[in-house]
Every structure is written in C-alpha cells, then in structure tokens.
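Let's take a friendly walk through this structure together. We will begin with a single residue and widen the view step by step.

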Amino acid sequence: PEASTPEEEARILDEMILERAGDPYYFYGASSSYQVDPRSQREDLTGDAMEASRLGIANLQRIIDNLVDWTYQEGENYNTLEEIYGRAVGQWRLYIGHVAREIGGVYETHKTYEQDGPVYEAVPRDRQQAAMQFLVDEVFETPYWLIDTDVLRRFENDGAMERVRQAQASALDLVMDPQRMARLLEFEAIDGEENTYLVTEMMSDVRAGVWSELQQGEAIGPYRRVLQRAYIGQLEELMTEDVDLPPRRFWDYIDVKPVNVAQSDIRAYVRGELETLLGEIETGLIRTDDPATQLHLEDARARIEDVLEPSAD
C-alpha cells in the first residue's frame, strides 16, 4: 500500500522475496522441477527423505503386526483387512519413489540476478549414496514384514511374490532410468569425479545390493531370485531398447529430454556390469551346494550370455 507506482510496488515485492531467499519455509518448485528435484514432491515432510521414510516404514510394520486385531469386526469378512493392507503396501511404494529421486537428482532453486549461486545443482554425493543404501536395506532386501501369512492367508491364496516383485522391479526401473543415468554422466562431465556420485558407483552399489549372496556364498531364496531376474531384465532393456528413450511415465507432459543410450556411456557401463556379474556368478556356482541356487545361477548365466552375445535368428 505504500507504493505510489507499479514500478515501486514491484521493487518492494522483489525486496520481500530476496529477504526470504534461502528460507525453506518459502521454497517452492515449478512443474519443471517435478521430475528431478527431490524437494519438490508430495509428502515432503522433512529435509531428509531417507530418515522420514525409515520412520514411516517402522509405522507400517507396526500396522501390519497389529492389522488382524485392529480390523476385527465380529461377523464380518476380511475386506477391510485387505483394503488396509493394500494401503500399507502402497505407502511403502510411495516411500521408495520419494527416496529414489535423490539419486541423480537436481536442486532447482529459482533466482534472479540479484542472488548469488547457480539455479541448478546436483544433489550432494552423500545424500545420493544414502538414498541408495536405503533402497538396498528397505527394498532390495526382502521385506518379510509385508509377507505376514497370518494376514495374507485371510484374503488371498497367492500374490505375495508378485506384489514384492513389482515393487522391487519398479525401484530398479527408477534407479536405472536412462534420464537419471544421463544426469549422473553429465554431473561427472561438468562437476568432475571428486564430488559426483558416478554412474559406475551407482551401478556397482545396485549390483552389490541385489546380488549380495554371491559375496557371502549363501543360498539365494525365492524372493531374491525373482529380484535378480528383474535386475538382468532391466540391464537387458538398456542394452537392447530403442536408441532414443522418451519419458515413460504419467508425467510425460513435462519436458524431459530423450536419451541416446547407444551413443552415451550407458550401454558400455551396462556391458561392464553384466561381465562383472557373470564372473561373480561363476564363482558363486563353485561355492554353493544349494540345488535351487545352482539352477538359478545357471539360468542367470545363460541369460547374461544371451544379452552379451545374442544369437543370430
């Protein structure tokens, strides 16, 4: 109200904005940041998506443990039990998506010429690594807390394995999405290796988390075998998919640049991962005497060899 001209009003408003620059309470993200800025998403209740999601999962575990008692209704069937269980699974998957955006993420902080610093910054390396560790611990490790037979067998005769597979495969798809990997490659090229979570590191961390049994010589259980096949399938897609991969999800209306996988480093790094895994599988076959694990590793070896050296039809 103290402004006498539109120009003076604009100046006063600009000063108000600049006074609050850097205050997280006033942070906002535009639609362009929805794909890449982990701070610009639903349910962003804290400054640490990993810790918030771990607390959220602890609450979900408490719900599952008490679900039969808490939904008890005399004379009723298990429809309410099934519904709330489904909501718990859905919430777990939301946490996966929240954390995955930290990997290859970009902070987009709107600024004017009066403000110092860049508008776009890569998510710090340590936060990306913490996000990957979360996925290894809370997603790739079998979530047995969700596979409570006392709950599941009250409303379904099968479906648990496919439910877990879908969530884990979705997490792999998020992490090894070509756009995400391309951003990591660009961070390395522009910012240098020292402060960058490298694509090679990210892929090595995924492999170590998904195939950890090979390091220990342990038997591989049924849920993990399914996850490991999904892993091979994801790398096969990166090796054989069309050259230009456009955005694949429901927010395709947002401007995300296609990635030329064949002409980037992505395919070379994927090949390296498959060759490394092939060697680890050979060692794993020597170490294990579990029949199911042997058959699984022999099948995995054959699948990888087909990807690396496809037979001519």
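This is a predicted model: local features need pLDDT of at least 70, side-chain atom pairs count only at pLDDT 80 or more; totals for chains, interfaces and linings use all residues.

Residues are numbered from 1 along each chain as its sequence is written, and side-chain values use heavy atoms, with hydrogens and water left out.

Thr293 counts as buried because its relative accessibility is 1%; buried means under 20% relative accessible area, exposed means over 50%, and partly exposed lies in between, using a 1.4 Å probe and protein chains only. The side chain of Thr293 has two polar partners to look at. One is the backbone nitrogen of Ile220, reached at 2.9 Å, and another is the side chain of Asp290, joined to that of Thr293 by a polar contact of 2.6 Å. A polar contact is a pair of N or O atoms within 3.5 Å; within protein, one must be able to donate a hydrogen and the other to accept it, and residues adjacent in sequence count only if both atoms are side-chain atoms. Leaving aside residues up to four places away in sequence, Thr293 touches Glu218, Ala219, Ile220 and Thr288, where contact means heavy atoms within 4.5 Å.

Next, turn to Glu280 in helix H11, residues 266-287. With 17% relative accessibility, Glu280 also counts as buried. Beyond residues up to four places away in sequence, Glu280 touches Arg207, Leu214 and Gln215. Leu214 is 66 residues from Glu280 along the chain, yet their C-alpha atoms are separated by 6.5 Å.

Helix H11 itself has 22 residues and reaches 31 Å from its first C-alpha to its last, close to the expected 32 Å; that expected span is 1.5 Å times one less than the number of residues. Among the buried residues of H11 are Ile266, Val270, Leu274, Leu277 and Glu280. The buried residues of H11 pack against helices H7, H8, H9, H10 and H12 and strand S4.

Finally, step back to the whole chain, with its twelve helices and four strands. Of its 313 residues, 41% count as buried. Among contacts with a separation of 6 or more, 73% come from residues 24 or more positions apart.

Conventions: Helices (H or I, at least four residues) and strands (E, at least two) are DSSP runs, numbered from the N terminus.
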